[in-house]
Amino acid sequence: MTTEPSLDLPPAQQARSRRTQQRILDAGTALLEEGGTEALTIAAVAARAGVSVGSVYRRFGGKDRLIAGLQHAMIDEFRADIIRRLAPLRTDPATMVASAVAGLTETFEAHERLMRVFITAGTTDPAVAQVGSAASIDAGQVFKRFLEPVAPMIDAPEPELRLDVAFRLVYAACMNRVLHGERFESERPLTWRQLTDELVDAVCLYLLGTSPH
């Protein structure tokens with residue numbers, strides 16, 4: 001399976017065509033969530049979307065480009081979601097850190113089923129991994145930009161490095177949870193909410209030297 005970072009899909013000029021394209025994307029997303037890339041066939045997508053096989057081919061040209069389209073659609077939703085959660089906030093530093101951590105973990109939780117598909121696909125497909133890496137770096141920039149007002153309060157030679165490592169810590173914990181579930185590395189149960197709370201404590205201590213609680 002090989003995807004393309006740039007799709008150059010033909011523009012859907014009319015409302016009906018746009019609705020058809022969205023039905024195809026929705027059907028493909030549902031199939032990926034239910035059965036991964038193996039469940040995604042052009043025939044299955046067409047049947048699920050209620051369109052002809054030819055209609056899917058005309059818009060996406062085949063399975064690889066359809067998967068690329070689905071990955072880009074998911075990334076667009078993820079980016080919009082994290083930007084919404086990390087809107088500018090004027091408050092105390094600990095609350096800002098808590099908001100940044102929770103914004104990231106909650107976005108991962110909201111998209112975990114489909115993200116699991118693309119994370120798994122990226123382990124064997126360099127093109128999927130490349131697109132995923134670019135999206136991850138972009139998420140990191142949003143996270144660090146949100147926390148820029150906190151940087152002067154970080155007691156370290158390189159505050160920007162601390163912010164980058166804080167993002168990496170939360171990102172890695174979320175990726176592991178998405179890919180492996182709650183108890184892969186420990187028998188102790190830990191919900192998303194509990195994981196978020198503990199990460200908030202850890203990141204506040206790392207950046208500010210104090211817990212928010």
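User: What does L40 touch, leaving out residues up to four places away in sequence?

Analyst: Leaving out residues up to four places away in sequence, L40 touches G28, L31, L32, V45, K63, L66, I67 and L70. Please keep in mind that this is a predicted model.

User: And where does L40 lie?

Analyst: L40 is in the loop between α1 and α2.

User: Is L40 buried or exposed there?

Analyst: L40 counts as buried, because its relative accessibility is 0%, and the cut-off for that label is under 20%.

User: How far apart are L40 and H72 in space?

Analyst: From C-alpha to C-alpha, L40 and H72 are 16 Å apart in space, while in sequence they are 32 residues apart.

User: Let's step back to the whole protein. How many helices and strands are there?

Analyst: The secondary structure comes to 9 helices and 0 strands, and the C-alpha atoms fill a box of roughly 60 × 40 × 25 Å along the principal axes. Of the 213 residues in the protein, 42% are buried.

User: Which residues of α4 are buried?

Analyst: In α4, which covers residues 63–85, the buried residues are L66, I67, A68, G69, L70, Q71, M74, I75, F78, D81 and I82. These buried residues pack against α1, α2, α3, α5, α6 and α7.

User: What span does α4 reach?

Analyst: Helix α4 has 23 residues and reaches 33 Å from its first C-alpha to its last, which is close to the 33 Å expected at 1.5 Å a residue.

User: Which residues touch the most other members of the largest nonpolar core?

Analyst: They are L66, F108 and L147, in a core of 60 residues. L66 is also one of the residues that L40 touches, and L147 touches M96, V97, A100, L163 and L207, again not counting residues up to four places away in sequence.

Conventions
Residues numbered from 1 in each chain as written. Predicted model: local features only at pLDDT ≥ 70, side-chain atom pairs only at ≥ 80, totals over all residues. Heavy atoms only, no water. Core = buried A, V, L, I, M, F, W, Y, C linked by side-chain atoms within 4.5 Å. Buried < 20%, exposed > 50% of the residue type's maximum accessible area, 1.4 Å probe, protein only. Contact = heavy atoms within 4.5 Å. Helix = DSSP H or I, 4+ residues; strand = E, 2+ residues; numbered from the N terminus. Expected span 1.5 Å × (residues − 1).
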